[in-house]
Amino acid sequence: MGTSPITLGAILSFFFVFLQLASALKFDLVATSGGGNNERCIRNFVSKDQLVVITATVGGSKGDGQKVNIHIKDSMGNDHGRPKDVVGETRQLFTSPADTAFDVCFENQLVGHNSIANPSRPIELDVDIGADARDWNSIQSQEKLKPVETDLRRIEEMVADIVTEMEYLRAREQRLRDTNESTNERVKWFAFGTMGMLVGLGAWQVVYLRAYFRSKHLI
């Protein structure tokens, strides 16, 4: 007996709602005054040529003496956005130039008088990568897909992203294993060389001392 489209659609909808809830990150960002770097960063990893959509929802309102700035950067030194004085929802997107890590950094500056002790702003961050970052409503409308077909298409691309990630991890593990084996080989020969040098040094000391004692007629 097959699964009905309604049941399958309900299962897929629950699955995607669960993923969205699991991927959202919420925290309070305390305002700080003075100079210095007071950024709070969240790091993620992305493969080359993958689309990344970053959605940040900042609570509060302008004029409350706080100023939240966002800085999106990767480990290669590229900047992907610097929204200033963010309130409400803001969205930034970029395509990764390489396999790299990227940081989404938040900074809350105290720019005015605030009667509240330890003022802070609530932050909600959602990062979508690859298949999750695509506009599936637009794809469904353009290609005239049924909701279940759209969900299956999305799952297919998500699985493809997972397979790509697994291939990357497998290649990285292979490189690390090769490096480990090469290091072990070098350490082994270094140990053999050290032992040979110590044995040679000990033999030289014995020969030298015997010659010294004979010259003094001690043996």
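Here are some friendly notes on the structure above, which is a predicted model.

1. **The overall layout.** Let's start with the whole chain. The protein has 3 helices and 8 strands. If you walk along the sequence, these elements come in the order α-β-β-β-β-β-β-β-β-α-α.

2. **Surface and interior.** How much of the protein is buried? Of its 219 residues, 27% are buried. The accessible surface comes to about 14900 Å², and carbon and sulfur atoms account for 58% of that surface.

3. **Contacts across the sequence.** Take the contacts in the protein between residues with a separation of 6 or more: 77% of them join residues 24 or more positions apart.

4. **Ser-47, in a loop between two strands.** Strand 2 covers residues 40–46 and strand 3 covers residues 51–58, and Ser-47 sits in the loop between them. Is Ser-47 buried or exposed? Its relative accessible area is 10%, so Ser-47 is buried, given that buried means under 20%. Once neighbours within four places in sequence are set aside, Ser-47 touches Ser-96, Ala-98, Asp-99 and Glu-165.

5. **Asp-49, in the loop between strand 2 and strand 3.** Asp-49 is found in the loop between strand 2 and strand 3. Its relative accessibility is 57%, so Asp-49 counts as exposed; the cut-off for exposed is over 50%. Asp-49 and Thr-95 are 46 residues apart along the chain, yet 5.6 Å separates their C-alpha atoms.

6. **Two positive phi values.** Now for the backbone. Asp-49 has a phi near 65°, which is a positive value in a residue other than glycine. Asp-85 is also a residue other than glycine with a positive phi, here near 50°. Where is Asp-85? Look in the loop between strand 5 (79–81) and strand 6 (88–95). With a relative accessibility of 25%, Asp-85 counts as partly exposed.

7. Gly-130 lies in the loop that runs between strand 8 (120–129) and helix 2. Its relative accessible area of 11% is why Gly-130 counts as buried. Beyond its neighbours within four places in sequence, Gly-130 is in contact with Gln-50, Leu-51 and Asp-161. Its C-alpha atom is 8.6 Å from that of Val-46, although 84 residues separate Gly-130 and Val-46 along the chain.

8. **How helix 2 meets helix 3.** Two packed helices are described by the angle between their axes and the distance between the axes. Helix 2 spans residues 136–143 and helix 3 spans residues 147–215; they pack at about 125° with their axes 10 Å apart. That angle makes helix 2 oblique to helix 3. The crossing of the two helices is right-handed.

9. **Who touches whom between these helices.** Which residues make the contact between helix 2 and helix 3? Helix 2 brings Trp-136, Ile-139, Gln-140 and Glu-143, while helix 3 brings Pro-147, Thr-150, Arg-153, Arg-154 and Glu-157. Sorted by class, this contact has 3 nonpolar, 2 polar and 4 charged residues.

Conventions: Residues numbered from 1 in each chain as written. Predicted model: local features only at pLDDT ≥ 70, side-chain atom pairs only at ≥ 80, totals over all residues. Heavy atoms only, no water. Helix = DSSP H or I, 4+ residues; strand = E, 2+ residues; numbered from the N terminus. Buried < 20%, exposed > 50% of the residue type's maximum accessible area, 1.4 Å probe, protein only. Contact = heavy atoms within 4.5 Å. Areas by Shrake-Rupley, 256 points an atom, 1.4 Å probe, with all protein chains shown as cover. Axes fitted to C-alpha atoms, helices over the stretch in contact; angles between N-to-C directions. Parallel < 35°, antiparallel > 145°, perpendicular 65-115°, else oblique. Left-handed = near helix turned anticlockwise from the far one by under 90°. Nonpolar A, V, L, I, M, F, W, Y, C, P; charged D, E, K, R; others polar.
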